Amino acid sequence: MTTVLHGPQLARLLGRWHGGRSVPDYLALAGTVRGLLADGRLSLGVRLPAERELALALGISRTTVSAAYRTLRESGHLTSRRGAGSWTTIPGGARVGSTGLWTPESAPDLLDLGTAALPAPPQLASAAAEALTDLPGYLSGAGYHPTGLIELRATVARSYAARGVPTSPDQIMITSGVQHALDLALRLLVPTGQPVLVESPTYPNALAAVVGRRGRVLTHGLSEAGWDAELLLATLRQNRPRLAYLVPEFQNPTGHLMDDRLRERLPAAAHVAGTDLVVDESFVELSLDEPAMPLPVAAYDRHARVLSIGGMSKPYWGGLRIGWIRAAAPLVQRLAAVRVGMDMAGPVLDQLVAARLLGYADEVVAARRELLRERRDALVLALDKELPEWRYRLPTGGVTLWVELDAPVSGALARAAESYGVRLAPGPRFGMDGTMERFLRLPYTLPPDQLVEAVSRIAAARRDLERPARRTWEAPALVA
Ligand SMILES: Cc1ncc(COP(=O)(O)O)c(C=O)c1O
């Protein structure tokens, strides 16, 4: 099954597509479709409206649409079959644009903008010391707790209740980070080759997990305004994916926050489609300017379709490797059974540290928000000064800025920036191969002075791309 785009939906995506006097309409139309595909706003494998339908929606002749579709077919961006319609493709076919490998290099002066994570908060040391005093209470047992330590599960359950979803500890399973939680859900719920819906762009390691579990990736393209509710619900209806993975709070990489209305509609639509919704709440605590956060998607779940996954990596520290799943209690038991075949259970001491650290939640999270606000503002100030032609929407939370570049050069820019000692995460990492070249994710997790320095090096790398030859000092000097 394929997502079908109707005439008015494509017309809305196309926006102001008309060429100037020198460009015929059919070429302008084809060029705009190619641009949408390159940006990821139009997903791959989507069925475009019939020629007559699009002509009607755009108020142009069918001959113009025919010629545009023919041009797109010739360039490999459209595949048509008589009687079945036309699908978006990209020349050379689609592969996942990320291996999921994000290990930082050991170069000490490297400015790493490839990773969007903060160092540990100072309270971690006290939490670890306190946890050691809790440990003796566990030493007489075997130490295997596949669903996690009860005090940590109870603390996490209380945090959901505080957000408006009553939760009991047996609805919580502690995992080894959020990535582990997603992998467990995929293992349990998605048979090989079944469709999994993800946002485009999305978090690269989620994409890697879906591909690793041999799920068939379907995408919902995010626009500048975020999710298109009608299109997303239609995609669920038409494709009936086994699982949909969404990041509704300060989506990685775009920073979008899903509104209440769509949150309310999603679980019921997923239930009708037979889809389990995996809702990644990694950034939910990192609101920077939102006056009030919307209710969790799970608050609208009447059919046990929602698995909320979250964890401590973003607000606290990735090195803790503590995440969780909130789901119906029987589902938690099934997930724990899968987990036993993988890693048995999580480390007891680390969970005790996590439970103690959550005791400092208010002060840690308040400090994180303040720090991130300052860093985000330093980043955008530097960007506005050094690269004023780049565009972005200021995120109201999370840790990343999704920047639209002045040209589709993200991959080349990332390579050029490496020679200036800056690691970047180019747009294609967040989508399927060949798309998102016009975008770059810039996290604001480094200190302000490093962000300012990084932007000035990126601006230099961008200028280099315009020069015909590489910088001469890069040529190895011949030493005889
Ligand atoms: C949306 C999202 N989910 C999951 C993760 C991974 O979290 P963890 O380190 O807890 O596995 C990240 C990390 O960047 C993320 O951005």
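Which side chain is joined to that of Gln 123 by a polar contact of 3.0 Å? The partner is Glu 363, whose side chain meets that of Gln 123 at this distance; a polar contact is a pair of N or O atoms within 3.5 Å, where within protein one atom must be able to donate a hydrogen and the other to accept it, and residues adjacent in sequence count only if both atoms are side-chain atoms. The model described here is predicted, so local features need pLDDT of at least 70 and side-chain atom pairs count only at pLDDT 80 or more, while totals for chains, interfaces and linings use all residues. Residues are numbered from 1 along each chain as its sequence is written, and side-chain values use heavy atoms, with hydrogens and water left out.

Gln 123 belongs to helix α5, which covers residues 123–134; helices (H or I, at least four residues) and strands (E, at least two) are DSSP runs numbered from the N terminus. With a relative accessibility of 14%, Gln 123 counts as buried, a label that means under 20% relative accessible area, with exposed meaning over 50% and partly exposed in between (1.4 Å probe, protein chains only).

The surroundings of the ligand come next. The residues around the ligand are Gly 177, Val 178, Gln 179, Tyr 203, Tyr 245, Asn 252, Asp 280, Ser 282, Phe 283, Ser 313, Lys 314 and Arg 321, where a residue is near a molecule if one of its heavy atoms lies within 4 Å of it. By class, this shell holds four nonpolar, five polar and three charged residues; Ala, Val, Leu, Ile, Met, Phe, Trp, Tyr, Cys and Pro count as nonpolar, Asp, Glu, Lys and Arg as charged, and the others, Gly among them, as polar. Helix α8 (residues 177–189) gives the most to the shell, with three residues.

Several polar atoms of the protein face the ligand. A polar side-chain atom of Ser 313 is found 2.6 Å from a ligand oxygen, and a polar backbone atom of Gln 179 lies 2.9 Å from an oxygen atom of the ligand. For Ser 282, an N or O atom of the side chain is 3.3 Å from a nitrogen atom of the ligand. Taken alone, the ligand exposes 400 Å², and the protein buries 92% of that; accessible areas come from the Shrake-Rupley method with a 1.4 Å probe, and for residues only the protein chains shown count as cover.

Arg 321 sits in the loop between β10 (306–311) and β11 (323–326) and is partly exposed, with a relative accessible area of 38%. Arg 240 likewise has a positive phi, near 45 degrees, in a residue other than glycine; Arg 240 is placed in the loop between α10 (229–239) and β8.

Two cis peptide bonds can be described. The bond from Ser 200 to Pro 201 is cis with omega near 5 degrees, and Pro 201 is in the loop between β6 (195–200) and α9 (204–212).

Turning to the aromatic rings, the count comes to two aromatic pairs. Rings of Phe, Tyr and Trp (its six-membered ring) pair if their centres lie within 6.5 Å, and planes under 30 degrees apart count as stacked, over 60 as edge-to-face and the rest as tilted. Trp 402 and Phe 430 make an edge-to-face pair, at 5.5 Å centre to centre and 75 degrees between the planes. Trp 402 lies in strand β13 (residues 400–404) and Phe 430 in the loop between β14 (422–426) and β15 (439–443), so this pair ties together parts that are 28 residues apart in sequence. Trp 402 is buried at a relative accessible area of 11%, and Phe 430 is buried at 0%. Trp 402 and Phe 439 are stacked, at 5.1 Å centre to centre with 5 degrees between the planes. Here strand β13 holds Trp 402 and strand β15 holds Phe 439, so the pair ties together parts 37 residues apart in sequence. Trp 402, Phe 430 and Phe 439 form one aromatic cluster.
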